[in-house]
Amino acid sequence: MNSATLTELDLPVSGMTCASCAGRVERALKKVPGVAAASVNLASEQARVQAPADSLPALVAAVEQAGYQVPARSLELSIEGMTCASCVGRVERALKKVPGVREVSVNLASERAHLELLGAVDSQALLQAVEQAGYKARLLDAGQPRQDDAERRLRRERWWVIAALLLALPLVLPMLVEWAGLHWMLPPWAQFLLATPVQFVIGARFYVSAWRAVKAGAGNMDLLVALGTSAGYGLSVYLWLTAPPGHMPHLYFEASTVVIALILLGKYLESRAKRQTASAIRALEALRPERAVRLRDGREEEVAIAELRLGDEVVVRPGERFPVDGEVLDGSSHADEALITGESLPVPKAPGDKVTGGAINGEGRLLLRTTALGGETVLAKIIRLVEDAQAAKAPIQKLVDKVSQVFVPVVILIALVTLGAWLVAGVGLEQALVNAVAVLVIACPCALGLATPTAIMAGTGVAARHGILIKDAESLEVAHAVTSVAFDKTGTLTSGRPQIIHLGGDDQEQLLRLAGALQRGSEHPLAKAVLERCAERDLEVPPVNASQALSGRGIQGEVEGRRLALGNRRLLDEQELKPGALASAAADWEAEGRTLSWLLELAPEKRVLGLFAFGDSLKDGAAEAVEALRGRDIHSHLITGDNRGSAAVVAKALGIDDVHAEVLPADKAATVAELKGRGRVVAMVGDGINDAPALAAADVGIAMGGGTDVAMHAAGITLMRGDPRLVPAALDISRRTYAKIRQNLFWAFIYNVIGIPLAAFGLLNPMVAGAAMAFSSVSVVGNALLLRRWKP
């Protein structure tokens with residue numbers, strides 16, 4: 001199969017309860033012809049499949065044959081321009097080609113299209129498909145995806161749990177009051193009436209799921225629960241019906257009922273916790289406004305976001321969210337980008353500045369030109385990156401998948417051996433069955449299946465909230481073990497914009513005024529540095545006359561009746577002037593790698609007025625970042641194409657000992673490879689196109705915000721703002737997330753390793769086993785949720 005014909009499909013899968021379910025769905029999907037890869041995430045209940053776009057029906061059928069469902073959501077489009085039945089067919093065929101569209105029904109009379117969609121389908125792609133077919137389409141508000149499905153399901157689960165607990169309470173009460181010396185027991189018929197609805201109505205979900213698993217030739221957690229509780233319930237019915245008249249038999253209705261109630265309670269708490277692990281995605285999705293104010297022919301009109309097109313002018317009032325990515329055409333304000341970049345301070349916006357959709361406009365009214373829509377916006381790309389990271393499997397998960405494949409059959413085998421061994425020991429069928437039931441009930445493949453994905457979802461989610469985007473689970477797993485960080489210099493540790501570092505001469509403010517006058521109107525980076533310094537000091541810059549650029553040397557002009565020039569050493573030599581008292585400073589600053597500009601007076605008196613030394617300034621937080629890494633025994637390296645002098649100055653200021661200067665872009669990757677060859681786990685931090693090969697060569701690449709798309713694609717971690725302090729923060733959240741994965745897996749494994757033998761040896765009551773099983777899953781998810789408290 002040619003990879004060019006493959007597309008990536010995200011399918012929602014419902015009905016999975018444990019790791020063996022996820023494994024079964026994954027194997028079923030991989031058997032579909034044309035599927036190149038399939039990965040199932042139990043925590044997010046999503047399957048990510050690389051397959052031909054036309055294989056969607058086969059994929060859905062495979063999931064359903066495995067005993068699970070692929071829930072679809074509905075969407076309504078209004079279609080304009082259809083005139084006959086062939087138009088209907090053309091629109092249907094165009095929409096069916098969009099990945100994720102399961103069914104399409106177009107009605108010519110109502111001019112509407114009803115779609116059944118699987119997973120996250122970009123509405124912009126649907127509208128473009130219709131337009132490319134020659135028609136117009138718009139979203140109908142009534143057909144917007146429903147956000148409350150999960151909330152409604154959670155409410156339904158809560159009512160089932162309450163009902164099960166209320167019915168179980170009278171069965172457990174006699175056991176509780178027995179501790180107080182009261183001997184009271186419900187009659188068998190009352191126990192039967194209370195237990196039956198819990199077993200077969202409230203607990204029906206276990207039987208349905210177990211039957212699907214058996215039909216698919218596999219096992220899952222629900223099969224264990226169904227077998228265990230049915231055995232306890234059946235034994236109780238048998239003992240009741242065979243008891244001599246007037247004799248009160250020892251029944252186990254309370255055990256099966258309480259087990260079901262506690263497992264449903266655990267599942268409900270687990271569902272709530274799983275929703276919280278995905279809260280980062282929901283928080284980002286909530287930033288997407290649904291409507292915008294478009295300016296057309298001087299008139300403002302409110303439209304759905306889906307109706308906007310590139311180049312449209314959009315009005316954003318104070319306090320509103322930016323509906324699209326755009327460029328400011330008119331107005332000035334501040335933008336609160338905290339939820340997108342993690343930047344806590346509002347960012348000033350003026351004409352020519354870029355704005356990001358989802359950020360909040362401050363005090364001013366802005367007019368924007370739309371530059372990105374739909375899936376191409378920064379916010380959509382962030383959401384996609386976070387979803388990708390949460391959908392991916394960490395390498396450590398492969399071990400769990402192998403264990404979960406054989407887990408349920410092995411547990412059933414242990415339960416049968418337990419039953420047989422106790423019967424051989426001569427304890428009788430009743431006690432032997434109770435011990436076997438305890439084995440079935442305590443075994444929990446859920447905790448194993450949830451251990452890794454919940455930690456990854458919580459870790460990547462909280463990282464995204466603070467401006468750290470982790471591309472995949474593998475980057476997360478590698479980043480925790482990093483021992484060396486290689487920094488690019490320009491734009492990563494330094495601002496990338498020249499600034500005046502030194503100024504030599506008698507009257508510095510006068511020198512700045514004169515140099516600023518010569519540089520007026522120039523776009524050269526050095527000119528901007530001079531004018532920025534003048535603005536900082538509130539200096540009045542005089543006008544310049546007869547301004548003339550001197551190619552390869554500098555600039556000259558008349559200022560306040562004097563002919564002045566500002567330029568390099570070549571200009572100084574050309575005018576046959578000597579540096580004089582500034583000679584030693586010039587030599588020192590040149591050794592630092594600074595760029596020198598001489599301010600000369602050419603008339604009425606020919607002389608050197610002053611010397612400017614320009615250099616790149618360190619970013620705020622650069623020194624803190626290197627110090628934080630040093631505190632964690634992570635060695636920092638500097639790799640730059642700049643000269644040794646400027647590299648040495650930056651390295652000295654930051655306390656970096658290992659400096660690689662004058663490295664060509666093509667050789668940066670080789671330098672990283674050399675570090676890896678020393679047995680180090682290397683992270684490379686960069687922001688430019690020339691850093692992309694080195695980012696890809698490192699064990700984990702970290703791209704700085706504000707950098708190029710090429711760098712971000714090559715990196716495993718992207719920092720949404722150019723703050724070097726986010727580098728140790730990214731490594732820290734990776735380390736903490738990986739620690740949570742290991743903790744969860746340890747507890748999930750140890751819980752089963754200890755619990756199953758205890759149950760097999762008759763040391764656990766089935767009710768205690770059920771409670772422990774419910775607690776195991778909740779504890780694993782709860783432990784992962786502790787990551788949400790992390791702050792850089």
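In what order do the 7 strands of the open sheet lie? The order is β17-β29-β28-β27-β18-β25-β26, and the pairing is mixed. Strands are DSSP runs of E with at least two residues, helices are runs of H or I with at least four, and both are numbered from the N terminus. Two strands pair if DSSP finds at least two bridges between them.

The model is predicted: local features need pLDDT of at least 70, side-chain atom pairs count only at pLDDT 80 or more, and totals for chains, interfaces and linings use all residues. Residues are numbered from 1 along each chain as its sequence is written, and side-chain values use heavy atoms, with hydrogens and water left out.

Ile-702 stands opposite Ile-717 of β29.

Val-316 has Leu-366 of β16 as its bridge partner.

Glu-601 lies in strand β23 (residues 595-603). Its relative accessible area is 3%, so Glu-601 is buried (under 20% relative accessible area; exposed is over 50%, partly exposed in between, with a 1.4 Å probe and protein chains only). The side chains of Glu-601 and Arg-562 form a polar contact of 2.7 Å. Such a contact is a pair of N or O atoms within 3.5 Å; within protein, one must be able to donate a hydrogen and the other to accept it, and residues adjacent in sequence count only if both atoms are side-chain atoms. The Glu-601 side chain also reaches the backbone nitrogen of Glu-605 at 3.2 Å. Leaving aside residues up to four places away in sequence, Glu-601 touches Arg-562, Arg-563, Leu-564, Lys-606, Arg-607 and Leu-609 (contact means heavy atoms within 4.5 Å).

Two helices also meet. The axes of α6 (residues 188-202) and α7 (residues 204-215) come within 4 Å and cross at roughly 40°. Axes are lines fitted to C-alpha atoms, for helices over the stretch in contact, and angles run from 0 to 180 degrees between N-to-C directions. The contact involves Gln-199, Phe-200, Val-201 and Ile-202 of α6, and Ala-204, Arg-205 and Tyr-207 of α7.
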